[in-house]
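Please examine the sequence and the structure shown below before reading on. The briefing that comes after them is arranged by topic.

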Amino acid sequence: MTLKIAPSILSSDFLHLEKEIRSVEKAGADMLHLDIMDGHFVPNLTFGPGLVKQIRKATALPFDAHLMITNPADFADKFIDAGVNYLSFHIETDSNYKSLFRKIRSRGVKAGIAINPETSLGALPGVIDEIDYVLIMSVHPGFGGQAFIKESVEKVRKVKEIIGSRAVEIEIDGGINYETAKSVIKAGVNILVAGSFIFKSNDYKKTITGLRNVRITHR
Ligand code: DX5
Ligand code: ZN
């Protein structure tokens with residue numbers, strides 16, 4: 001599967017959000033990662049469908065929304081109406097998660113399961129045919145700029161095994177830089193989320209291109 005780079009706007013300059021989004025688009029990003037936090041499932045707050053609807057006007061990039069909220073079923077339609085193309089949630093937040101995956105897909109949006117570092121892969125085989133991608137958290141969700149949890153590489157390998165020959169994508173989220181990108185790509189990841197590594201760099205194009213070419217440049 002082709003490698004996709006998804007800058008997370010969590011680490012962008014919110015005062016100049018439109019400019020930041022246009023800059024990463026111009027720099028070669030493949031999609032935009034949107035971290036939705038409710039101050040309950042995770043100890044931080046970000047933004048809701050209203051802001052997503054506004055930034056939808058600023059770019060043609062696909063939107064990859066990562067719901068870190070306690071009640072994803074109450075908000076899925078609102079984010080889809082606002083224009084997201086990928087939508088993931090943590091299944092511990094919804095006991096009826098299968099029907100939520102189905103609902104997301106029925107609206108023509110890619111459905112993803114988000115898995116925390118301490119969450120086992122036990123439920124994955126049972127939902128693998130209901131989803132389009134697996135988002136593996138390689139930090140504890142809530143904040144950008146944290147250190148990559150090394151055990152995530154092994155987790156990617158296990159997820160890859162469970163996926164087998166299915167066309168299910170693997171996304172990694174948290175602590176991505178050239179070194180960690182290299183190890184997770186080797187293990188089977190095809191979507192790299194990177195927040196601080198891109199937005200805290202002084203040349204977005206160089207950083208995004210660097211991530212894309214990491215297999216060649218970082219042997
Ligand atoms: C953390 C978020 C991440 C975050 C990644 O809860 O899910 O998407 O923005 O930021 P970095 O790349 O700085 O670890
Ligand atoms: Zn995220």
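The notes that follow concern the chain as a whole and then the surroundings of its ligand. This is a predicted model. The chain contains 10 helices and 8 strands, and the space taken by ligand 1 is the largest cavity.

**Overall form**

- The C-alpha trace of the chain spans about 45 × 40 × 30 Å along its principal axes.
- A compact globule of 219 residues would have a radius of gyration near 17 Å, and the chain, with 16 Å, therefore agrees with that expectation.

**Polar atoms close to the ligand**

- Ser-196 places a polar side-chain atom 2.5 Å from an oxygen atom of ligand 1.
- For Asp-173, a polar side-chain atom lies 2.6 Å from an oxygen atom of ligand 1.
- Gly-175 takes part through its backbone, where a polar atom is 2.8 Å from an oxygen atom of ligand 1.
- On its own, ligand 1 has 380 Å² of accessible area, and the protein covers 100% of this area.

**The shell around the ligand**

- The elements β2 (32-37), β3 (63-68) and β8 (191-194) are those that give two or more residues to the shell around ligand 1.
- Strand β2 provides the largest share of that shell, with 3 residues.
- There are 20 residues around ligand 1, and those that come nearest are Asp-35, Gly-142, Asp-173, Gly-195 and Ser-196.
- Sorted by class, the shell consists of 8 nonpolar, 10 polar and 2 charged residues.

Note on methods:
Residues are numbered from 1 along each chain as its sequence is written. Chains are lettered from A and ligands numbered from 1 in the order in which they are written. This is a predicted model: local features need pLDDT of at least 70, side-chain atom pairs count only at pLDDT 80 or more; totals for chains, interfaces and linings use all residues. Side-chain values use heavy atoms; hydrogens and water are left out. A residue is near a molecule or strand if one of its heavy atoms lies within 4 Å of it. A polar contact is a pair of N or O atoms within 3.5 Å; within protein, one must be able to donate a hydrogen and the other to accept it, and residues adjacent in sequence count only if both atoms are side-chain atoms. Accessible areas come from the Shrake-Rupley method with a 1.4 Å probe; for residues, only the protein chains shown count as cover. On a 1 Å grid over the protein atoms alone, a cavity is a set of points where a 1.4 Å probe fits but cannot get out, and a pocket is an open set with protein on both sides within 12 Å along at least five of seven lines; lining residues have an atom within 4 Å of a point. A molecule sits in a cavity or pocket if more than half of its atoms lie within 2 Å of its grid points. Helices (H or I, at least four residues) and strands (E, at least two) are DSSP runs, numbered from the N terminus. Ala, Val, Leu, Ile, Met, Phe, Trp, Tyr, Cys and Pro count as nonpolar, Asp, Glu, Lys and Arg as charged, and the others, Gly among them, as polar. The radius of gyration is taken over C-alpha atoms; the globule rule is 2.2 Å times the number of residues to the power 0.38.
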